[in-house]
Amino acid sequence: DRRGGRERMAPNEAAGGGKGAPKTKLKLWLRGLPASMTEETARELLETLVPAFTDGNNMDWMRFVAANKRVPTATLYLHLKNEEAVFGVHAKMEGHKVADGKGKEHKVLVEYAPFLKVPRRKAVDKKEGTIEKEASYIAFLEELERRKEVKTESAEAWLERRDAEQKEAAEAAVGVIKVVHTPLLDFMREKKARELRERKKREEERRLKIDS
């Protein structure tokens, strides 16, 4: 039932007994808090008055709403894990007076929240925060550092490179074949030249034998 427009904190009816059975109310609405209150001071208030009912074993969600033009007092929403914590918070905080920075006292009102649901917790991404350990990311950072160390090309070097490119383009236009140098191609050319020299040497030795 309701008294003075507020829902009386009566014992919850356990959820169950069919589809239409009432659900256990575990979300509280604390209002009338001083406008000067912050989330930090709200937590300190809970730790001072109801530490046994708002620790990790009994509370799993909290939302602080600062005072604003629409609601001139601060508001606190709590979601508790069991009825014992619900009534423990109510017994300790209902009617408790909290002074603001100017010494004015504000009476705390505790009741069930109009909406009993709380936001769903986001799924934990196991890969979050692990990119620094990825081999591809490490290689990417190393490549960035390497590029930073490369000196900027001077104007003279740029002109020389441009002249060389223009010369290469001109030779290609008139059919001049440019010898391509790579470690592998140079090795094959040297091998072929060495075989040719050895063959000429053998032929020369045979010719000398025949003449003698």
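Of the 212 residues of the protein chain, 19% count as buried (under 20% relative accessible area with a 1.4 Å probe, protein chains only; exposed is over 50%, and partly exposed lies in between). The structure is a predicted model, in which local features need pLDDT of at least 70 and side-chain atom pairs count only at pLDDT 80 or more, whereas totals for chains, interfaces and linings use all residues. Residues are numbered from 1 along each chain as its sequence is written, and side-chain values use heavy atoms, with hydrogens and water left out.

The protein chain has five helices and eight strands (DSSP runs numbered from the N terminus: H or I of at least four residues for helices, E of at least two for strands). Their order from the N terminus is β-β-β-α-β-β-α-β-β-β-α-α-α. Among contacts (heavy atoms within 4.5 Å) between residues at least 6 apart in sequence, 62% join residues at least 24 apart.

Four salt bridges are found in the whole structure (a side-chain nitrogen of Lys or Arg within 4 Å of a carboxyl oxygen of Asp or Glu). One of them joins Glu-111 and Arg-31 at 2.8 Å, N to O. Glu-111 lies in strand 8 (residues 109-112) and Arg-31 in strand 3, so this pair ties together parts that are 80 residues apart in sequence. Glu-111 is buried at 5% relative accessibility, while Arg-31 is partly exposed at 25%. Arg-43 and Glu-39 form another salt bridge, at 3.3 Å, N to O; they are four residues apart in helix 1 (residues 39-49), a separation of about one helical turn. Both are partly exposed, Arg-43 at 39% and Glu-39 at 37%.

Lys-27, in strand 3 (residues 27-33), is buried yet has no salt bridge. The nearest side chain of opposite charge, that of Asp-60, is 10 Å away (Lys and Arg count as positive, Asp and Glu as negative; His and the chain ends are not counted). The Lys-27 side chain reaches the backbone oxygen of Lys-117 at 2.9 Å. Not counting residues up to four places away in sequence, the residues touched by Lys-27 include Trp-61, Tyr-77, Glu-111 and Lys-117.

The largest pocket holds about 190 Å³ of space. A pocket is an open set of points on a 1 Å grid over the protein atoms alone, with protein on both sides within 12 Å along at least five of seven lines; lining residues have an atom within 4 Å of a point. Its volume is the space filled by probe spheres set on the points, which are joined across faces, edges and corners. The lining includes Trp-29, Arg-31, Thr-75 and Tyr-77. Strand 3 and strand 5 (74-80) are the elements that give two or more residues to this lining.

Terms used
A polar contact is a pair of N or O atoms within 3.5 Å; within protein, one must be able to donate a hydrogen and the other to accept it, and residues adjacent in sequence count only if both atoms are side-chain atoms. On a 1 Å grid over the protein atoms alone, a cavity is a set of points where a 1.4 Å probe fits but cannot get out, and a pocket is an open set with protein on both sides within 12 Å along at least five of seven lines; lining residues have an atom within 4 Å of a point.
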